Amino acid sequence: MLSLSINDVKTFMSHLLSNESFDRFYLVEASVKMGISYHIDGHLNKDFFDTDTQHSLVREYSYWKEVRPKIFSLIKGNRLPLGCKIILAVPRSSILRFLEKSGGSFRNEDIEGMYINILYDPNNLLITTGISYRTFSMDKSLDYVFEDYIRSFLQKLEIQ
């Protein structure tokens, strides 16, 4: 598990809310605490979609890019939120690439998910990563590859 305190909150939030930087991730859940609290569940409600669309939906969650404008509209304004929590997940196709890169003993079915947790309060912005395994193992190779990826991803965005 990687835990990073982000110093440049403005740049990070700009990439998260205004740019496409995080759009390829799934939104698992988000909560924003302002005058009232908002909670968004990122699971797709497949019954909402027409039959053709339902059959083509192979994913469980909405993409961040599909929800980002709504969350941005909640947050924008004269006052900063009292707090914000966003959990993003790596799509299954990317998990396969991480598994190949790690060279570890894990198979696709051993991984429940790979997550980026973003916790904001007016005094702090913290990012943590985590992998949910379906089996126990002492093998941390996948963790290391994912952590290196997140560090590199943030560095490429010039986030410190």
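## Exercises on strands, cores and a cavity

E2 and E3 form a hairpin with 3 residues between them. The model used in these exercises is predicted.

**Exercise 1.** Find which strands pair with E2, and how many bridges join each to E2.

*Solution.* 
- Step 1. Strand E3 covers residues 37–41 and is joined to E2 by 5 bridges. The two run antiparallel. Within this pair, Ser31 has His39 of E3 as its bridge partner.
- Step 2. Go to strand E4, residues 62–63. Here 2 bridges make the link to E2, again antiparallel. Tyr26 is partnered by Tyr63 in E4.
- Step 3. Finish with E5. It is joined to E2 by 7 bridges, and the two strands run antiparallel. Glu29 has its bridge partner in E5, namely Ile87.

**Exercise 2.** Follow the sheet from E5 to E6 and on to E7, giving the bridges at each step.

*Solution.* 
- Step 1. Strand E5 spans residues 83–89. Between E5 and E6 there are 6 bridges, and the strands run antiparallel. Ile86 is partnered by Ile118 in E6.
- Step 2. Strand E7 spans residues 124–133. E6 and E7 share 10 bridges and run antiparallel. Tyr115 stands opposite Gly130 of E7.
- Step 3. Look at the link in the chain. E6 and E7 are joined by a hairpin through 2 residues.

**Exercise 3.** Describe the largest nonpolar core: how many residues has it, and which have the most contacts inside it?

*Solution.* 
- Step 1. Count the members. The core has 39 residues, and Phe12, Leu16 and Leu88 have the most contacts inside it.
- Step 2. Name the contributors. Elements that each supply at least two residues include helix H1 (9–17), helix H3 (64–75), helix H4 (92–102), E5 and E6. The largest share, 6 residues, comes from H5.
- Step 3. Return to Phe12. Beyond its neighbours within four places in sequence, Phe12 is in contact with Ile6, Phe22, Ile118, Leu125, Ile127, Leu154 and Ile159.

**Exercise 4.** Locate the largest cavity and state what lines it.

*Solution.* 
- Step 1. Count cavities. The structure holds 1 cavity of 30 Å³ or more.
- Step 2. Read the lining: Phe12, Phe22, Ile116, Ile118, Ile127, Ile150, Phe153 and Leu154.
- Step 3. Sort these residues by type. There are 8 nonpolar, no polar and no charged.
- Step 4. Assign them to elements. Strand E6 (111–121) and helix H5 (141–156) each give at least two lining residues. H5 gives the most, with 3 residues.
- Step 5. Link back to Phe12. This residue lines the largest cavity and is among those with the most contacts inside the largest core.

Terms used: Residues are numbered from 1 along each chain as its sequence is written. This is a predicted model: local features need pLDDT of at least 70, side-chain atom pairs count only at pLDDT 80 or more; totals for chains, interfaces and linings use all residues. Side-chain values use heavy atoms; hydrogens and water are left out. On a 1 Å grid over the protein atoms alone, a cavity is a set of points where a 1.4 Å probe fits but cannot get out, and a pocket is an open set with protein on both sides within 12 Å along at least five of seven lines; lining residues have an atom within 4 Å of a point. Grid points are joined across faces, edges and corners, and a volume is the space filled by probe spheres set on the points. Helices (H or I, at least four residues) and strands (E, at least two) are DSSP runs, numbered from the N terminus. Ala, Val, Leu, Ile, Met, Phe, Trp, Tyr, Cys and Pro count as nonpolar, Asp, Glu, Lys and Arg as charged, and the others, Gly among them, as polar. Two strands pair if DSSP finds at least two bridges between them. A nonpolar core is a set of buried Ala, Val, Leu, Ile, Met, Phe, Trp, Tyr and Cys residues joined through side-chain atoms within 4.5 Å. Buried means under 20% relative accessible area, exposed over 50%, partly exposed in between (1.4 Å probe, protein chains only). Contact means heavy atoms within 4.5 Å.
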